[in-house]
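Here is a short briefing to read with the structure open beside you.

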Amino acid sequence: MRQLHLLLLTLMLCATGLGLAYYKVTVIGLPLTASEQAEVWNIEARISFRAKPDSAIKVTLPLPSDPPGYSILDEDFVSANYGLAIEQDDFGRVALWAKRRAQGKQLLFYRAVLFKDEETIPKPVMPPVYPKVPEYPESLVPVIQGLLDKARQQSADTVSFSQRVIEQLNATTPAPELKLLLEHINRSHNLAKSLGWILAGARIPSQIIRGLRLQDSKEYTELEYFLQVYDGQQWRSLNIKDGREGLPSNFVVWQVNENKQFTIEGASEFSIQYSVARTLREIVNIAGSRSAEKGSHLMEFSLYSLPVHIQNVYKVLLMIPLGAFVVVLMRNLVGIKTFGTFMPVLIALAFRETELLWGLILFSLIVGLGLLLRAYVEQLKLLLVPRLASVLTMVVLLMAGVSVIMHKLGLEMGLSVALFPMVIMTMTIERMSLTWEEAGPIEAFKQVTGSLLVAVIGYLAMNIDELQYMFFVFPELLLVVLAIILLLGRYSGYRLTELWRFRAFARNRPS
Amino acid sequence: MFGTWSKLRRAGIVGMNQRNADYVLRYNKRSLYPLVDDKLRTKYLATESGIAVPELYGVIEIEHDVANLSDIVKDHNDFVIKPAHGSGGNGICVITGRLNGRYRQNSGDLLTDEAIEYHVSNILSGLYSLGGQPDQALIEYRVKFDPLFEAVSYRGVPDIRTIVFRGIPVASMVRLPTRMSDGKANLHQGAVGTGIDLATGRTTHAVWQNYPIEQHPDTGATISGLEIPHWHKLLTLAAQCYDLVGLGYLGVDVVLDRELGPLVLELNARPGLSIQIANGRGLRELLEKIEQLEEIPTLASDRAALGQEFFMATQI
């Protein structure tokens, strides 16, 4: 019954731990190793202007919203003392900055961190309303009609039709009959818009998208235009210069349609500049932002939500169960005797800071010197607690002395002696000297080497970076460690050292 | 390695993990531990139920009373000081006599009043107790051990350790101090362990430092074949200790006093496994047999007889 209970419990713990970890890997996309990094793009829109005296300032900046193929990990607005509002509707998102009064040069920033994300689900396309034929100016009607007719003859479908129109208008030597139309387009300064206007003559739905090509350390003064035409199923993007189909692979859509415009009131000499920079981020961080975006709260309650210095503490703390696990193995499976149950774990923690070789040297040095001093104090016949306190005081002084001498000798690693847990050192010295007196030096050395051996193995286990990362990102894996420890708690077989201890029985009974 | 493993398994050796998991944790209720861990309570309990123990001369409980030591022992030439919560024979100081106003220790050293008081205050501050909590010092009768063991002990007091499982004696051994063990009776400290035939009370083979030996390493006298007097009475005494404290897996240490016969020295809730080496046989078969018993005789002497019967039946 008890065995079954334990078995079920461990199974449950393992299932919970592994299940949670599996969920985090597959759904949230946490990587299993620490080194995985991914490219992210920092995009910045910088608006600079000079405030007009005695007039309120209002700035409207269209913002990217759900750009296809990318997810926005992070965004922020830098705008000292400006009121900021973000408005979102079906047509897009805008930031509204407002201030009643300002003087001199003003700067506003919008920054976004984008991550190329193949998995973003494209929004379902709403079939657009087929446009009415616009009322063209009388002088242009035959020109446009001719253009569209020519294109219709040379094309098979909506896309190729649109491409023909774009090509004709962009031809290096445009047909003479188009001159009037081109002049009209140049006057509007907006080729894309004009193209849409012309295509509407063939009742082709079109929309304009604006965006940026993501190239490291690039600056743009304006967003690039693309024209999208609706072919009955989906929007097809066309280059407005040469009619080629498709968006560049590094193109990020900032704005769809021109319903939202960049506007500025109460300012002069304004300019807007976009800059792009590439950086690397750990995938873990990206996964965290993405899960928040997807509405999963798991990462919100992960260790990553803690302040960084607390995170660093937990990186170490989460390894302690592993150290304890090593102690369990060494004591119950191997049978090594140590001073104190978890003293080796604490020593191993100190080794992490001092590095192994220096840790061993410094530990032996302090314990050795401490034993000598303890032997001297023994003669004074002190009571236990004052004696422990005096040894502790001497250990601290010894550590300080060792640090100073090491520093003078230029051995900087020797300074890390300060990281040893001195109370533990004191207890080790006390217990070692007692064992020495009562059971002889051999037993004392046996136990101190046992302790150090377990500490070294614990250190080696706790110092595996991959494990440290795993336990930090997937703390639920500790449930699996717990399950194994629980199982070992019912292990009633021999310890390795007992095979030696009872070897006489193996010798006398040949089988 | 696995060869050794299966051989030990076949020999029925109980390992430390099995002792803890299957016997100590299962049969020894934690709440009963203080009865045996505190030697003073054990002594009071034993005295109440008429079990023979070494006479208690006095107890020193606080630092201030250390000065009373000489008052307590003024009528006794020899005595033993031991911590109430000690383990493994640590902190026990045996005074065999006095010389020139000093105390002679069993090691032959002469101790001044000051030195002996320092020892007592060490005991009080918890130096020898488990976990270091403050302790008490017992001052009691020094056992004058039976001449039977005179030739096979080097200083110290040989004692007879019996494992009592569910009130039934399972195995016994005599622990003989040697020079190496410094008068202490712990095998891992260098004492000689000698198995006892539970049926006859005769010592069988001896083990020292894990090796079988014939003669005592210090005195050179032959160890095996010694017949322990009042053997059944001694086993009954051990079995009675189960009624006293209620621990299912119990180690009982008995000494044979020249005049007073068997005296219970101390009880142990986690007796060691060396007894298997001393007896040259594993305990598991016997323990499993007793585990399957549905009814345990209520009378201690019946249980002792049952233990002897089982011991013979499983003899190899």
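Of the 316 residues in chain B, 49% count as buried in this predicted model. Chain B has 10 helices and 13 strands as its secondary structure. If you look at its contacts between residues at least 6 apart in sequence, 61% of them join residues at least 24 apart.

**Where the chains meet**

- On the chain B side, 26 residues are in contact with 23 residues of chain A.
- Four helices of chain B each supply at least two residues of the side that touches chain A: helix H1 (2-10), helix H2 (16-27), helix H6 (113-124) and helix H8 (274-279).
- Sorted by class, the residues on this side of chain B are 11 nonpolar, 12 polar and three charged.

**A four-stranded sheet in chain A**

- Moving over to chain A, you can trace an open sheet of four strands in the order E10-E9-E7-E11, with antiparallel pairing.
- Strand E10 (235-239) and strand E11 (251-256) of chain A are the edge strands, each pairing on one side only.
- On average, and with direction ignored, neighbouring strands of this sheet are turned by 40° against each other.
- Strand E7 (residues 206-213) of chain A pairs with E11(A) in the antiparallel sense over five bridges.

**A helix pair in chain A**

- Two packed helices are described by the angle between their axes and the distance between the axes.
- For helix H8 (residues 320-334) and helix H9 (residues 343-354) of chain A, the angle is about 130° and the axes are 9 Å apart.
- H8(A) and H9(A) are therefore oblique to each other, as an angle counts as roughly antiparallel over 145 degrees and as roughly perpendicular from 65 to 115.
- The crossing of H8(A) and H9(A) is right-handed.
- Which residues make the contact? From H8(A) come A:Ile320, A:Gly323, A:Ala324 and A:Val327, and from H9(A) come A:Pro344, A:Val345 and A:Ala348.
- By class, the contact of H8(A) with H9(A) has six nonpolar residues, one polar residue and no charged ones.

Terms used:
Residues numbered from 1 in each chain as written. Chains lettered and ligands numbered in written order. Predicted model: local features only at pLDDT ≥ 70, side-chain atom pairs only at ≥ 80, totals over all residues. Buried ≥ 20, exposed ≤ 12 C-beta atoms within 10 Å, placed from the backbone. Contact = placed C-beta atoms within 7 Å. Nonpolar A, V, L, I, M, F, W, Y, C, P; charged D, E, K, R; others polar. Pairing = 2+ DSSP bridges. Axes fitted to C-alpha atoms, helices over the stretch in contact; angles between N-to-C directions. Parallel < 35°, antiparallel > 145°, perpendicular 65-115°, else oblique. Left-handed = near helix turned anticlockwise from the far one by under 90°.
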